[in-house]
Amino acid sequence: GGLIAYAEANTYNGSRGHIAHADAITSNGAHGIASSEAVPKKKKVVLLGTGWAGMSFLKDLNNPSYEVEVVSPRNFFVFTPLLPSVTCGKVEARSIVEPIRNIIRKKNVDISFSEAECVKIDPQNKKIYCRATVNSKLKGEEEFAVDYDYLIIAVGAQVNTFNTPGVEQNCHFLKEVEDAQKIRKNVIESFEKASLPNLSDEERKKILHFVIVGGGPTGVEFAAELYDFVNEDVVKLYPKVREFVKITLLEATDHILNMFDKRITNFAEGKFGRDGIDVKLGSMVTKIDDNEISTKARGNGNTTNTPYGMVLWSTGIGPRPLIKEFMKQIGQGNRRALATDEWLRVEGFDTIYALGDCATINQRKVMEDISEIFKKADKDESGTLTVKEFQEIIDDICERYPQVELYLKSKQVRNIVDLLKEAKGDAAKESIELNIEEFKSALSQVDSQMKNLPATAQVANQQGAYLAKCFNRMEECEKNPEGPARFRGTGRHRFHPFRYRHLGQFAPLGGEQTAAQLPGDWVSIGHSSQWLWYSVYASKQVSWRTRALVVSDWVRRFIFGRDTSGI
Ligand code: FAD
């Protein structure tokens, strides 16, 4: 049935694409329909997703020579870093979402939006198949196809349950706005339920046992929000049940906030310990049923079953079904995310881009390319190059592969890099010969340890902005390719590759204290970082409307406390 539907949708879309094009020409005003043949056909860009990567692409795109169709199951953008604040009523859900049409209408580019999810990508015919998600009876017209010249995949990722039994049925996730709203409702309901008469203390304890699985930034922030809520509002509003509240944080590895500096991890574990949040390290969840959560201790393998009232599952992300299917289709097998080159193009496809959480820049290929570059440079096959030659090659490689700059900061290659830096401009030192293999083996050691770019809003946002810049300058750069001369001839180097700039990260720990890790290993923990957090998140809002809403929510909470109405 699906296939037939797609075939029909196909035919339907043939004319649809045409109409859209004619509309675009007319609405430009300058050309009447009669002269439409003289106007070069606009290139059709199809963008999947209205999250961080998609929104940032749309905001920065300003070349009117494209016709853009946005397809996403939600017609708004969500400021995800503030989702944990929604779970306990510090910020309202509406304050952190921006309708995508508000963003589109301000653009001078021809952009349309369809509330639908993409269900299949057909790269051979440059077509995508979609299913409308609007909640109405469309009588079989909910499926349609869209043609593209360029496809931009920015569909994000989904929660990873690692196929743990009972997780889907019994846990909350914190990924979408609706999730945060459900959690908020459930938290308030738990306190109301525990306050009912005729309950035993055991039952109250069970209802008010909040379990968080996963000690990453989201799990930790939710634990902190919940603790603050209990400490600041529950004590006043539900004083009789305060003593029954328990918050448990389960983490499978040895520490929470693994991706942060040791000082932050230690501080967070210490603070949670003092607050009475039960942090259980080395604790793997094996099963969750209606009433109990089963964990296995990593050390001795002991299994424990604990009654709970509410569980938040926050253990990381995995690919969406659309991406899994597409990876299978194009032979990328069982990867964590779609592999792209450094220009964010899906490997092997010149007109399909992938960015944000659904994509990853392929590191393996980087190492192979680096080996090739050294091989070419070593003309006499001596296995050595002078320091000066080394310097030039490394500058070129860094230009082409921004992630190599990160490798160069690592301990393994520091000796060589220090030598290169020291020798700069000193003719005697610059003629010293260095062994290529030694350098490569140091690099590959780092490579195996190097994780891909983190799946964060910061990366997605920068990738969207980068790609918009590429599209804005596409024609110009096709005529005058950028980048180091040695790569220009390959036809790959129309633009500089994507370069990620890490601006630092925050971990709010509750009690108006935040840990901040800024570039250059600069760590700050406490109340001052909390104010930095407020100002950064206020400034990063995508519109003045949401900025005003978020700031007024913060002020409201300071004055009146959280809203505990449960709606
Ligand atoms: P998303 O923002 O997830 O957007 C994906 C879009 O694709 C959505 O619009 C979705 O509706 C749409 N979509 C899904 N399926 C389809 C389909 N089949 N067809 C078309 N469209 C589809 N990062 C930070 O840097 N700092 C933080 O403080 C931070 N805090 C976070 C807190 C929480 C609770 C969460 C969940 C994440 C947080 N992140 C943070 C991570 C950050 O939100 C993600 O890395 C970021 O959202 C990734 O952007 P994206 O555009 O790839 O995906």
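Reader: Which residue stands opposite V279 in strand 12?

Author: Strands and helices here are DSSP runs numbered from the N terminus (E over at least two residues for strands, H or I over at least four for helices), and two strands pair if DSSP finds at least two bridges between them. In this case L249 stands opposite V279 of strand 12, and strand 11, residues 246–250, pairs with strand 12 in the parallel sense over three bridges. The model is a predicted one, in which local features need pLDDT of at least 70 and side-chain atom pairs count only at pLDDT 80 or more, while totals for chains, interfaces and linings use all residues. Residues are numbered from 1 along each chain as its sequence is written.

Reader: In what order do the strands of this open sheet lie, and which are the edge strands?

Author: The order is 12-11-10-16, four strands with parallel pairing, and the edges are strand 12 (278–280) and strand 16 (310–313), each of which pairs on one side only. Neighbouring strands are turned by 15° against each other on average, direction ignored, where axes are lines fitted to C-alpha atoms (for helices over the stretch in contact) and angles run from 0 to 180 degrees between N-to-C directions.

Reader: Which helix lies across strand 10, strand 11 and strand 16?

Author: Contact is judged by C-beta atoms, placed from the backbone, that lie within 7 Å of each other. Helix 8 (residues 217–237) lies across strand 10 (209–213), strand 11 and strand 16, and runs at about 170° to strand 11.

Reader: How do helix 2 and helix 17 cross, left-handed or right-handed?

Author: A crossing is left-handed if the near helix is turned anticlockwise from the far one by less than a right angle, and right-handed if clockwise. The crossing of helix 2 and helix 17 is right-handed; their axes come within 7 Å and cross at roughly 35°. Among the residues that make the contact are W52, M55 and F57 of helix 2 and A460, Q463 and L467 of helix 17.

Reader: Which residues come nearest to the ligand?

Author: A residue is near a molecule if its C-beta atom, placed from the backbone, lies within 6 Å of it. Of the 33 residues around the ligand, G49, G51, G156, G356 and T456 come nearest. The elements that give two or more residues to this shell include helix 2 (52–60) and helix 17 (457–472).

Definitions and conventions
Two residues are in contact if their C-beta atoms, placed from the backbone, lie within 7 Å.
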